[in-house]
Amino acid sequence: MKLFVNLRTLRLPYISVRHAVNSTQPTRNVDFYRQRTTYSYFLPIQTRWQDNDQYGHVNNAVYHGYFDTLINHYLIRYCGLNTNRLSSSMVGFIVTNQCSFHKPVKFPENPLASLAVEKIGRSSVHYRMALFNQVPTKKSISIHFNILNDGCFSDWSALEGFESLACTTAMSTHVFVDTMSEKPKELPEGFKKGLQKIMIPL
């Protein structure tokens, strides 16, 4: 979600959210977040020729675009997010963002992006994301248009066609604010119910 933001407005929410996340979330190692079974929502990502850098693999900065697409895809499809600032009562600002790279991805590969929610606060959401490469095989994976349009969940049979360990892992935090005042806004119940569907069990 690309929005212009006054950094002074975000400074306090940023600090309080980081404190809340760090003080309450369980301690889990890196391998936990690399496991495909950690995640509940999946969306195939089509890499583009322009994603590759001069070293022949997807440039580090491009991964953030993949994960931004993944998060907002889920929020729009399953949480009822209204992205029209003229009619929406709230907007989401990304206040933390981090990627860890374990194996490269390159065009024309089509990795599987995965999403889970680790913590839901009063006005914030802490996400975990990952990318999984396709298992090296001659047999291609058949992906129906509905999967590209709506994503899928853990019951999709073709998940086994992707590696069980992520090539990239990431974390991100959204703070949702009132559209007019840009002050933190409590998440609506319906919105939270959509997020709870992909919560990582404690």
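Which residue forms a salt bridge with Lys103, and how far apart are the closest N and O atoms? The partner is Glu163, and the closest N and O atoms of the pair are 3.3 Å apart.

## About the model

This is a predicted model, in which local features need pLDDT of at least 70 and side-chain atom pairs count only at pLDDT 80 or more, while totals for chains, interfaces and linings use all residues. Residues are numbered from 1 along each chain as its sequence is written, and side-chain values use heavy atoms, with hydrogens and water left out.

## The salt bridge between Glu163 and Lys103

A salt bridge is counted here when a side-chain nitrogen of Lys or Arg lies within 4 Å of a carboxyl oxygen of Asp or Glu, and the structure holds nine of them. In one of these, Glu163 is paired with Lys103. Glu163 sits in the loop between β5 (152–153) and β6 (168–178), whereas Lys103 sits in the loop between β2 (90–101) and β3 (112–120), so the pair ties together parts that are 60 residues apart in sequence. Strands (E, at least two residues) and helices (H or I, at least four) are DSSP runs, numbered from the N terminus.

The two partners can also be described by their relative accessible area, for which buried means under 20%, exposed means over 50%, and partly exposed means in between (1.4 Å probe, protein chains only). Glu163 is buried, with a value of 16%, while Lys103 is partly exposed, with a value of 36%.

## Two further salt bridges

Glu109 and Lys106 also meet through their side chains in a salt bridge, at 3.5 Å from N to O. Glu109 is partly exposed, with a relative accessible area of 27%, and Lys106 is likewise partly exposed, at 42%.

Another salt bridge joins the side chains of Arg128 and Glu118, at 3.1 Å from N to O. Arg128 belongs to strand β4 (residues 124–132) and Glu118 to strand β3, so this pair ties together parts that are ten residues apart in sequence. Both Arg128 and Glu118 are buried.

## Ser114 and its contacts

Strand β3 also contains Ser114, which counts as buried at 0% relative accessibility. When residues up to four places away in sequence are not counted, Ser114 touches Tyr39, Tyr41, Phe42, Leu70, Arg128, Met129, Ala130 and Phe132, where a contact means heavy atoms within 4.5 Å.

## Cysteines

The structure holds zero disulfides, a disulfide being a pair of cysteine sulfur atoms within 2.5 Å. Cys79 is buried, with a relative accessible area of 9%, and Cys152 counts as buried at 5%.
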